Amino acid sequence: MKNVLVIGASGQIGSELVLALRNKLGGSHVVATHLRTPLSAEIAESGPSYKIDASQAQEIADVVKKHDIDLIYNLAAILSATAEANPMLGWNVGMGTLLNCLEVAREFNAALFTPSSIGAFGPGTPPDNTPQDTIQRPKTIYGVTKVAGELLSDYYFKRFGVDTRSVRYPGLISNKTLPGGGTTDYAVEIYYAAVKGEKFVCPLKKGTFMDMMYMPDAINAAIDLMEVSPDRLIHRNSFNVTAMSFDPEIIYTEIKKHYPNFMMEYEVHPLKQSIADSWPNSMDDTCARKEWGWNPKFDLKAMTEDMIKELKKKLL
Ligand code: NAD
Ligand code: AKB
(Lines give C-alpha, C1' and ligand atoms only; values in the text may rest on other atoms or scores of the structure.)
(Ligands and ions follow the chains in the order given, each with its own letter.)
Protein backbone atom coordinates (compact mmCIF):
# COMPACT_ATOMS: atom_id res chain seq x y z
CA MET A 1 0.00 0.00 0.00
CA LYS A 2 1.33 3.42 -1.01
CA ASN A 3 -1.65 5.75 -1.30
CA VAL A 4 -4.80 4.82 0.59
CA LEU A 5 -8.38 6.12 0.56
CA VAL A 6 -10.64 5.64 3.59
CA ILE A 7 -14.36 6.14 2.89
CA GLY A 8 -16.40 6.63 6.10
CA ALA A 9 -13.52 8.24 8.01
CA SER A 10 -15.74 9.86 10.64
CA GLY A 11 -17.23 6.51 11.70
CA GLN A 12 -16.29 4.20 14.56
CA ILE A 13 -13.63 2.30 12.58
CA GLY A 14 -12.61 4.98 10.09
CA SER A 15 -11.80 7.59 12.75
CA GLU A 16 -9.10 5.27 14.12
CA LEU A 17 -8.01 3.54 10.90
CA VAL A 18 -7.07 6.83 9.21
CA LEU A 19 -4.77 7.81 12.08
CA ALA A 20 -3.12 4.37 12.22
CA LEU A 21 -2.51 4.43 8.45
CA ARG A 22 -1.16 7.99 8.55
CA ASN A 23 1.28 6.97 11.30
CA LYS A 24 2.48 4.15 9.09
CA LEU A 25 2.50 5.75 5.63
CA GLY A 26 2.65 9.50 6.31
CA GLY A 27 -0.27 11.95 6.41
CA SER A 28 -0.25 12.92 2.72
CA HIS A 29 -0.59 9.26 1.62
CA VAL A 30 -3.89 8.64 3.40
CA VAL A 31 -6.99 10.41 2.08
CA ALA A 32 -9.97 10.58 4.44
CA THR A 33 -13.53 11.08 3.23
CA HIS A 34 -16.77 11.63 5.11
CA LEU A 35 -20.35 12.45 4.28
CA ARG A 36 -22.65 13.85 6.99
CA THR A 37 -20.68 13.59 10.24
CA PRO A 38 -17.67 15.92 10.31
CA LEU A 39 -14.14 14.51 10.57
CA SER A 40 -12.28 14.87 13.86
CA ALA A 41 -9.88 17.85 14.00
CA GLU A 42 -6.98 15.38 14.26
CA ILE A 43 -7.94 13.81 10.91
CA ALA A 44 -8.87 17.08 9.19
CA GLU A 45 -5.49 18.58 10.12
CA SER A 46 -3.17 15.62 9.50
CA GLY A 47 -3.73 14.92 5.78
CA PRO A 48 -6.00 15.34 2.75
CA SER A 49 -9.74 14.99 3.22
CA TYR A 50 -12.92 15.41 1.19
CA LYS A 51 -16.67 15.34 1.65
CA ILE A 52 -17.94 12.76 -0.85
CA ASP A 53 -21.07 10.70 -1.34
CA ALA A 54 -19.90 7.17 -2.12
CA SER A 55 -23.24 6.41 -3.73
CA GLN A 56 -21.87 8.58 -6.60
CA ALA A 57 -19.12 6.55 -8.33
CA GLN A 58 -17.64 9.62 -10.02
CA GLU A 59 -16.95 11.28 -6.65
CA ILE A 60 -14.88 8.26 -5.58
CA ALA A 61 -13.15 8.04 -8.97
CA ASP A 62 -12.09 11.72 -8.86
CA VAL A 63 -10.31 11.26 -5.51
CA VAL A 64 -8.75 7.93 -6.54
CA LYS A 65 -7.38 9.49 -9.73
CA LYS A 66 -6.15 12.69 -8.10
CA HIS A 67 -4.26 10.89 -5.32
CA ASP A 68 -3.11 7.85 -7.31
CA ILE A 69 -4.86 5.57 -4.80
CA ASP A 70 -3.87 1.89 -4.79
CA LEU A 71 -5.99 0.72 -1.83
CA ILE A 72 -9.55 1.71 -0.88
CA TYR A 73 -11.06 1.01 2.55
CA ASN A 74 -14.81 1.17 2.05
CA LEU A 75 -16.41 1.65 5.48
CA ALA A 76 -19.72 3.21 4.38
CA ALA A 77 -22.69 1.25 5.72
CA ILE A 78 -25.84 1.45 7.83
CA LEU A 79 -25.42 -0.82 10.88
CA SER A 80 -27.80 -3.61 11.84
CA ALA A 81 -30.38 -2.03 14.15
CA THR A 82 -30.63 1.22 12.15
CA ALA A 83 -30.87 -0.64 8.83
CA GLU A 84 -33.69 -2.81 10.18
CA ALA A 85 -35.69 0.37 10.81
CA ASN A 86 -35.05 1.51 7.21
CA PRO A 87 -34.26 -1.54 5.04
CA MET A 88 -34.17 0.34 1.72
CA LEU A 89 -31.56 2.72 3.09
CA GLY A 90 -29.55 -0.22 4.48
CA TRP A 91 -29.53 -1.94 1.10
CA ASN A 92 -28.88 1.18 -0.96
CA VAL A 93 -25.94 2.38 1.14
CA GLY A 94 -24.42 -1.07 1.71
CA MET A 95 -24.67 -2.32 -1.85
CA GLY A 96 -24.57 0.99 -3.77
CA THR A 97 -21.31 2.15 -2.23
CA LEU A 98 -19.75 -1.31 -2.58
CA LEU A 99 -20.60 -1.64 -6.27
CA ASN A 100 -19.18 1.83 -6.91
CA CYS A 101 -15.98 1.01 -5.03
CA LEU A 102 -15.61 -2.26 -6.94
CA GLU A 103 -16.01 -0.51 -10.28
CA VAL A 104 -13.58 2.27 -9.36
CA ALA A 105 -11.10 -0.30 -8.02
CA ARG A 106 -11.39 -2.20 -11.30
CA GLU A 107 -10.89 0.93 -13.42
CA PHE A 108 -7.90 2.23 -11.46
CA ASN A 109 -6.36 -1.12 -10.49
CA ALA A 110 -6.77 -0.54 -6.75
CA ALA A 111 -7.23 -3.13 -3.99
CA LEU A 112 -10.42 -2.98 -1.90
CA PHE A 113 -11.21 -3.82 1.73
CA THR A 114 -14.91 -3.81 2.72
CA PRO A 115 -15.77 -5.22 6.16
CA SER A 116 -18.34 -7.95 6.52
CA SER A 117 -19.77 -8.85 9.92
CA ILE A 118 -21.02 -11.58 12.24
CA GLY A 119 -24.32 -10.23 10.85
CA ALA A 120 -23.61 -12.26 7.69
CA PHE A 121 -24.74 -15.31 9.68
CA GLY A 122 -28.28 -16.25 10.64
CA PRO A 123 -30.46 -18.58 12.70
CA GLY A 124 -29.52 -21.64 10.61
CA THR A 125 -25.77 -21.11 11.12
CA PRO A 126 -24.04 -23.36 13.70
CA PRO A 127 -23.85 -20.88 16.62
CA ASP A 128 -20.86 -22.31 18.48
CA ASN A 129 -17.38 -22.33 16.95
CA THR A 130 -19.06 -21.12 13.74
CA PRO A 131 -16.97 -22.45 10.82
CA GLN A 132 -15.38 -20.21 8.18
CA ASP A 133 -17.42 -21.84 5.42
CA THR A 134 -20.98 -22.55 6.55
CA ILE A 135 -24.67 -21.71 6.14
CA GLN A 136 -25.27 -17.96 5.67
CA ARG A 137 -28.98 -17.14 5.63
CA PRO A 138 -29.21 -13.95 7.75
CA LYS A 139 -32.59 -12.60 8.86
CA THR A 140 -31.67 -8.88 8.78
CA ILE A 141 -31.31 -6.54 5.79
CA TYR A 142 -27.85 -5.71 7.19
CA GLY A 143 -26.91 -9.38 6.97
CA VAL A 144 -28.36 -9.68 3.49
CA THR A 145 -26.12 -6.81 2.32
CA LYS A 146 -23.12 -8.43 4.01
CA VAL A 147 -23.63 -11.83 2.35
CA ALA A 148 -24.32 -10.16 -1.02
CA GLY A 149 -21.23 -7.99 -0.48
CA GLU A 150 -19.04 -11.01 0.22
CA LEU A 151 -20.31 -12.73 -2.94
CA LEU A 152 -19.96 -9.62 -5.10
CA SER A 153 -16.43 -8.99 -3.84
CA ASP A 154 -15.40 -12.59 -4.60
CA TYR A 155 -17.04 -12.22 -8.03
CA TYR A 156 -14.99 -9.12 -8.85
CA PHE A 157 -11.83 -10.94 -7.80
CA LYS A 158 -12.54 -14.03 -9.87
CA ARG A 159 -14.08 -12.28 -12.89
CA PHE A 160 -11.94 -9.11 -13.11
CA GLY A 161 -8.94 -9.80 -10.86
CA VAL A 162 -9.78 -6.96 -8.42
CA ASP A 163 -7.80 -7.57 -5.21
CA THR A 164 -10.78 -7.67 -2.81
CA ARG A 165 -10.26 -8.84 0.79
CA SER A 166 -12.45 -8.68 3.88
CA VAL A 167 -13.06 -9.78 7.45
CA ARG A 168 -16.27 -10.62 9.30
CA TYR A 169 -15.85 -8.25 12.23
CA PRO A 170 -17.59 -9.06 15.50
CA GLY A 171 -18.91 -6.28 17.76
CA LEU A 172 -16.17 -3.62 18.02
CA ILE A 173 -15.44 -1.86 21.29
CA SER A 174 -13.66 1.48 21.24
CA ASN A 175 -13.29 4.76 23.11
CA LYS A 176 -12.82 7.43 20.38
CA THR A 177 -16.03 7.38 18.30
CA LEU A 178 -19.34 5.96 19.45
CA PRO A 179 -20.80 3.09 17.39
CA GLY A 180 -23.28 3.89 14.63
CA GLY A 181 -26.50 2.04 15.54
CA GLY A 182 -25.68 -1.66 15.79
CA THR A 183 -26.78 -4.58 17.95
CA THR A 184 -23.44 -4.89 19.76
CA ASP A 185 -23.34 -1.19 20.78
CA TYR A 186 -24.23 -2.10 24.39
CA ALA A 187 -20.70 -3.43 24.90
CA VAL A 188 -19.34 0.08 24.29
CA GLU A 189 -22.10 1.97 26.11
CA ILE A 190 -21.65 -0.08 29.29
CA TYR A 191 -18.12 1.34 29.73
CA TYR A 192 -19.31 4.94 29.27
CA ALA A 193 -21.99 4.37 31.94
CA ALA A 194 -19.50 2.83 34.39
CA VAL A 195 -16.95 5.63 34.02
CA LYS A 196 -19.64 8.34 34.27
CA GLY A 197 -20.97 6.71 37.45
CA GLU A 198 -24.38 5.95 35.89
CA LYS A 199 -26.56 2.86 36.10
CA PHE A 200 -26.47 0.85 32.84
CA VAL A 201 -29.71 -0.34 31.24
CA CYS A 202 -28.83 -3.37 29.13
CA PRO A 203 -30.92 -3.94 25.95
CA LEU A 204 -29.95 -7.63 25.65
CA LYS A 205 -30.75 -10.36 28.11
CA LYS A 206 -28.41 -12.39 30.26
CA GLY A 207 -26.94 -15.33 28.35
CA THR A 208 -26.77 -13.50 24.98
CA PHE A 209 -23.28 -14.43 23.82
CA MET A 210 -21.63 -12.69 20.84
CA ASP A 211 -18.10 -12.33 19.50
CA MET A 212 -16.36 -9.05 20.32
CA MET A 213 -13.04 -7.30 19.65
CA TYR A 214 -11.15 -4.23 20.88
CA MET A 215 -10.55 -1.58 18.21
CA PRO A 216 -6.70 -1.78 18.13
CA ASP A 217 -7.02 -5.44 17.07
CA ALA A 218 -9.68 -4.54 14.48
CA ILE A 219 -7.37 -1.89 12.98
CA ASN A 220 -4.49 -4.38 12.85
CA ALA A 221 -6.74 -6.88 11.07
CA ALA A 222 -7.66 -4.31 8.40
CA ILE A 223 -4.01 -3.41 7.81
CA ASP A 224 -2.44 -6.88 8.11
CA LEU A 225 -4.89 -8.59 5.77
CA MET A 226 -4.23 -6.02 3.04
CA GLU A 227 -0.46 -6.41 3.40
CA VAL A 228 -0.18 -10.18 3.20
CA SER A 229 1.09 -11.75 -0.01
CA PRO A 230 -1.93 -12.83 -2.12
CA ASP A 231 -0.51 -16.30 -2.70
CA ARG A 232 -1.10 -17.10 0.99
CA LEU A 233 -4.84 -16.49 0.71
CA ILE A 234 -7.22 -19.39 0.16
CA HIS A 235 -10.22 -17.30 1.25
CA ARG A 236 -10.86 -13.64 0.51
CA ASN A 237 -14.39 -12.44 1.27
CA SER A 238 -14.62 -12.80 4.15
CA PHE A 239 -12.54 -14.16 7.03
CA ASN A 240 -14.02 -14.97 10.45
CA VAL A 241 -12.04 -12.96 13.05
CA THR A 242 -12.72 -12.79 16.75
CA ALA A 243 -10.95 -11.92 19.99
CA MET A 244 -13.44 -12.83 22.74
CA SER A 245 -17.01 -13.92 23.36
CA PHE A 246 -19.12 -12.81 26.32
CA ASP A 247 -22.67 -12.11 27.47
CA PRO A 248 -23.83 -9.01 29.38
CA GLU A 249 -23.21 -10.65 32.78
CA ILE A 250 -19.59 -11.44 31.98
CA ILE A 251 -18.67 -7.92 30.81
CA TYR A 252 -20.61 -6.42 33.76
CA THR A 253 -18.71 -8.63 36.22
CA GLU A 254 -15.38 -7.59 34.67
CA ILE A 255 -16.23 -3.88 34.92
CA LYS A 256 -17.41 -4.31 38.52
CA LYS A 257 -13.86 -5.34 39.45
CA HIS A 258 -12.97 -1.67 38.78
CA TYR A 259 -16.28 -0.12 39.94
CA PRO A 260 -17.72 -2.34 42.72
CA ASN A 261 -20.84 -0.11 43.03
CA PHE A 262 -21.63 -0.18 39.30
CA MET A 263 -25.28 -1.17 38.69
CA MET A 264 -26.82 -2.83 35.64
CA GLU A 265 -30.45 -3.67 34.99
CA TYR A 266 -32.09 -5.35 32.00
CA GLU A 267 -34.69 -3.75 29.74
CA VAL A 268 -34.74 -5.97 26.67
CA HIS A 269 -35.00 -4.24 23.29
CA PRO A 270 -36.98 -6.80 21.23
CA LEU A 271 -35.43 -5.93 17.85
CA LYS A 272 -31.85 -5.97 19.11
CA GLN A 273 -32.50 -9.17 21.08
CA SER A 274 -33.90 -10.96 18.06
CA ILE A 275 -30.94 -9.88 15.92
CA ALA A 276 -28.43 -10.93 18.59
CA ASP A 277 -30.16 -14.30 18.97
CA SER A 278 -29.67 -14.94 15.24
CA TRP A 279 -25.90 -14.27 15.35
CA PRO A 280 -23.16 -16.72 16.41
CA ASN A 281 -22.16 -17.16 20.05
CA SER A 282 -18.52 -17.61 19.02
CA MET A 283 -16.74 -18.01 15.70
CA ASP A 284 -13.86 -20.22 14.62
CA ASP A 285 -11.19 -17.95 13.11
CA THR A 286 -8.58 -20.63 12.36
CA CYS A 287 -8.44 -19.75 8.64
CA ALA A 288 -7.52 -16.11 9.37
CA ARG A 289 -4.84 -17.28 11.81
CA LYS A 290 -3.35 -19.72 9.29
CA GLU A 291 -3.67 -17.71 6.07
CA TRP A 292 -2.50 -14.28 7.23
CA GLY A 293 -1.37 -14.58 10.83
CA TRP A 294 -4.40 -13.13 12.65
CA ASN A 295 -3.58 -13.00 16.36
CA PRO A 296 -5.51 -10.53 18.54
CA LYS A 297 -3.74 -8.97 21.53
CA PHE A 298 -6.65 -7.90 23.75
CA ASP A 299 -8.81 -10.20 25.88
CA LEU A 300 -11.70 -8.95 28.05
CA LYS A 301 -9.47 -8.14 31.04
CA ALA A 302 -6.86 -6.17 29.04
CA MET A 303 -9.56 -4.38 27.02
CA THR A 304 -11.47 -3.39 30.16
CA GLU A 305 -8.36 -1.92 31.80
CA ASP A 306 -7.55 0.10 28.67
CA MET A 307 -11.14 1.24 28.04
CA ILE A 308 -11.48 2.54 31.58
CA LYS A 309 -8.09 4.28 31.49
CA GLU A 310 -8.91 6.01 28.18
CA LEU A 311 -12.50 6.92 29.06
CA LYS A 312 -11.39 8.47 32.36
CA LYS A 313 -9.10 10.79 30.36
CA LYS A 314 -11.91 11.58 27.91
CA LEU A 315 -14.91 11.94 30.22
CA LEU A 316 -13.66 13.07 33.63
P1 NAD B 1 -20.16 3.82 11.23
O2 NAD B 1 -21.63 3.84 11.09
O3 NAD B 1 -19.56 4.28 12.49
O4 NAD B 1 -19.49 4.61 10.03
C5 NAD B 1 -19.92 4.47 8.71
C6 NAD B 1 -19.67 5.79 8.01
O7 NAD B 1 -20.12 5.68 6.67
C8 NAD B 1 -20.42 6.95 8.64
O9 NAD B 1 -19.47 7.93 9.04
C10 NAD B 1 -21.31 7.46 7.51
O11 NAD B 1 -21.41 8.87 7.46
C12 NAD B 1 -20.58 6.95 6.27
N13 NAD B 1 -21.47 6.85 5.12
C14 NAD B 1 -22.76 6.40 5.10
N15 NAD B 1 -23.24 6.52 3.85
C16 NAD B 1 -22.25 7.03 3.09
C17 NAD B 1 -22.15 7.40 1.71
N18 NAD B 1 -23.17 7.24 0.85
N19 NAD B 1 -20.99 7.93 1.28
C20 NAD B 1 -19.95 8.10 2.11
N21 NAD B 1 -19.98 7.77 3.42
C22 NAD B 1 -21.12 7.26 3.89
O23 NAD B 1 -19.68 2.33 10.88
P24 NAD B 1 -18.41 1.54 11.42
O25 NAD B 1 -18.79 0.93 12.70
O26 NAD B 1 -17.20 2.38 11.34
O27 NAD B 1 -18.38 0.36 10.36
C28 NAD B 1 -17.62 0.41 9.18
C29 NAD B 1 -17.83 -0.90 8.44
O30 NAD B 1 -17.49 -2.00 9.32
C31 NAD B 1 -19.27 -1.16 7.99
O32 NAD B 1 -19.25 -1.88 6.79
C33 NAD B 1 -19.82 -2.04 9.10
O34 NAD B 1 -20.87 -2.85 8.65
C35 NAD B 1 -18.60 -2.87 9.42
N36 NAD B 1 -18.65 -3.49 10.75
C37 NAD B 1 -18.63 -2.71 11.87
C38 NAD B 1 -18.69 -3.31 13.12
C39 NAD B 1 -18.67 -2.50 14.39
O40 NAD B 1 -18.90 -3.08 15.47
N41 NAD B 1 -18.40 -1.21 14.33
C42 NAD B 1 -18.78 -4.69 13.21
C43 NAD B 1 -18.84 -5.46 12.05
C44 NAD B 1 -18.74 -4.83 10.82
C1 AKB C 1 -23.77 -4.26 14.52
O2 AKB C 1 -24.09 -4.62 15.67
O3 AKB C 1 -24.57 -3.98 13.62
C4 AKB C 1 -22.30 -4.22 14.20
C5 AKB C 1 -21.87 -5.53 13.66
C6 AKB C 1 -21.49 -6.62 14.57
O7 AKB C 1 -21.86 -5.71 12.46
N8 AKB C 1 -21.58 -3.83 15.38
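In this predicted model, an open sheet of three strands runs in the order β10-β12-β14, with mixed pairing. Its edges are held by β10 (171–173) and β14 (244–246); each has a single partner strand, so one side of each is left without a neighbour in the sheet. Neighbouring strands here are turned against each other by 40 degrees on average, direction ignored. Within this sheet, β10 pairs with β12 (residues 210–214) in the parallel sense over three bridges, and Gly171 stands opposite Met212 in β12.

The parallel pairing of β6 with β9 (residues 167–169) spans two bridges, and Ser117 stands opposite Tyr169 in β9.

Attention now turns to the second largest pocket, which holds about 210 Å³ of space. Its lining counts 13 residues, of which Glu16, Asn175, Lys176, Tyr214 and Pro216 are the closest to the centre. Two or more lining residues come from each of α8 (215–227) and α12 (300–315). By class, the lining comprises six charged, four nonpolar and three polar residues. Where does this pocket lie relative to domain 1 and domain 2? Both domain 1 (4–170 + 215–240) and domain 2 (172–212 + 243–315) give residues to its lining, so the second largest pocket lies between them.

Terms used
Residues numbered from 1 in each chain as written. Chains lettered and ligands numbered in written order. Predicted model: local features only at pLDDT ≥ 70, side-chain atom pairs only at ≥ 80, totals over all residues. Heavy atoms only, no water. Pairing = 2+ DSSP bridges. Helix = DSSP H or I, 4+ residues; strand = E, 2+ residues; numbered from the N terminus. 1 Å grid on protein atoms, 1.4 Å probe; cavity = no way out; pocket = protein on both sides within 12 Å on 5 of 7 lines; lining within 4 Å. Points joined across faces, edges and corners; volume = space filled by probe spheres on them. Nonpolar A, V, L, I, M, F, W, Y, C, P; charged D, E, K, R; others polar. Domains from an automatic or database assignment. Axes fitted to C-alpha atoms, helices over the stretch in contact; angles between N-to-C directions.
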